[in-house]
Amino acid sequence: MQCTVRHFLHHGIPAKNFAGLMELYECNYIRLRNLVPDVDAMPDEVVSVIPGVLDLHLRVIERNKFTTTLHLTYFFTDDEGRFPAPDMRVRMYHDAQVGEVIACGRRRGMRYAEYNRMYNTYTLAEKWHMNRFLQKWLGYCLLQGHRFIPGRVVTPAEAEGGTADGTLLIAES
C-alpha cells in the first residue's frame with residue numbers, strides 16, 4: 001500500500017453524525033488515558049498543579065471492571081462563592097475504549113447550566129457538541145502539562161496551601 005499525504009491529513013472530527021460521535025468517544029478515551037495513564041493507581045481525589053495555570057481537579061466517582069466514572073473540573077470564585085466549571089462527569093468504557101460526557105454543569109459562564117445524559121434524552125447533535133467540548137478541553141489540559149501520575153499529583157487539602165502536617169508543599173510540574 002502506498003501512503004500519500006492524504007493518509008496523514010486529518011481534517012478534524014467528522015460532522016455531527018453517528019460516525020463522528022463514535023470517533024469523538026474514541027478520541028476522548030485516548031486523551032483521558034494520556035491525562036490519567038493508570039486510573040487504577042489514582043487515589044479517589046487528586047489535583048494536578050502546574051505553576052501559572054489553573055489547578056485541574058480529578059475525582060474518581062466509580063470504579064468497575066469495564067467502566068470508570070471521573071469528575072474533572074477547575075474551581076472558580078465569584079460573588080456567590082466557589083464553584084466548579086466546567087464540572088464534567090465522564091465515563092470511560094475500557095472494553096470498548098471510548099469515553100463520553102455523562103454530565104456537565106456550569107459551562108460558558110452559565111452558573112447553573114446542566115447536561116445530564118443519565119436522566120435526559122439528547123439529540124445526536126447535542127451529544128456531539130458536549131463531547132467535542134470535552135475533546136478540546138482535554139487537549140488544552142494536556143498542552144498545559146496536566147497529567148495525573150502517582151507522585152506528581154497532590155490531594156485537594158495539599159493543593160489549598162500545604163500538607164496535613166503544615167509543611168510547605170512543592171509540586172513538580
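Predicted model: local features only at pLDDT ≥ 70, side-chain atom pairs only at ≥ 80, totals over all residues.
A polar contact here is a pair of N or O atoms within 3.5 Å; within protein, one atom must be able to donate a hydrogen and the other to accept it, and residues adjacent in sequence count only if both atoms are side-chain atoms.

**View 1. Thr69 and its polar partner.** The side chains of Thr69 and Arg91 are joined by a polar contact of 3.0 Å. Thr69 is found in strand β3; helices (H or I, at least four residues) and strands (E, at least two) are DSSP runs, numbered from the N terminus. Thr69 counts as buried because its relative accessible area is 3%, and the cut-offs are under 20% for buried, over 50% for exposed and partly exposed in between (1.4 Å probe, protein chains only). Skipping neighbours within four places in sequence, Thr69 touches Arg59, Val60, Ile61, Glu62, Val90, Arg91 and Ile102, where contact means heavy atoms within 4.5 Å.

View 2. Residues are numbered from 1 along each chain as its sequence is written, and side-chain values use heavy atoms, with hydrogens and water left out. The chain averages a pLDDT of 81, with 76% of the residues scoring at least 70; pLDDT is the predictor's confidence in each residue, from 0 to 100.

**View 3. The largest nonpolar core.** A nonpolar core is a set of buried Ala, Val, Leu, Ile, Met, Phe, Trp, Tyr and Cys residues joined through side-chain atoms within 4.5 Å. The largest one has 26 residues, and those with the most contacts inside it are Leu35, Leu56, Leu58, Leu72, Met88, Trp137 and Phe148. Two or more residues each come from α2 (18-35), β2, β3 (67-78), β4 (81-93), β5 (98-105) and α3 (124-144). The top contributor is α3, with six residues. Zoom in on Trp137 and, leaving aside neighbours within four places in sequence, you'll find Leu56, Leu72, Thr73, Tyr74, Pro86 and Met88 in contact with it. A second, separate core of five residues includes Leu21, Leu24, Tyr25 and Trp128.

View 4. Strands pair if DSSP finds at least two bridges between them. Strand β1 (residues 45-48) runs antiparallel to β2, with four bridges, and Glu45 has Arg59 in β2 as its bridge partner. On to β3: β2 is joined to it by six bridges, again antiparallel. Arg63 sits opposite Thr68 in β3, and the β2-β3 hairpin has three residues between its strands.

**View 5. The β4-β5 hairpin.** Six bridges link β4 and β5, which run antiparallel; Met88 has Cys104 in β5 as its bridge partner. Four residues lie between the two strands of this hairpin, and Gln97 in the turn has a positive phi of about 55°. Eight of the eight residues of β5 are buried, so the strand is largely enclosed by the rest of the structure.

**View 6. Cysteines.** The structure holds zero disulfides, a disulfide being a pair of cysteine sulfur atoms within 2.5 Å. Cys141 counts as buried because its relative accessible area is 1%. Cys27 is buried as well, at 17% relative accessibility.
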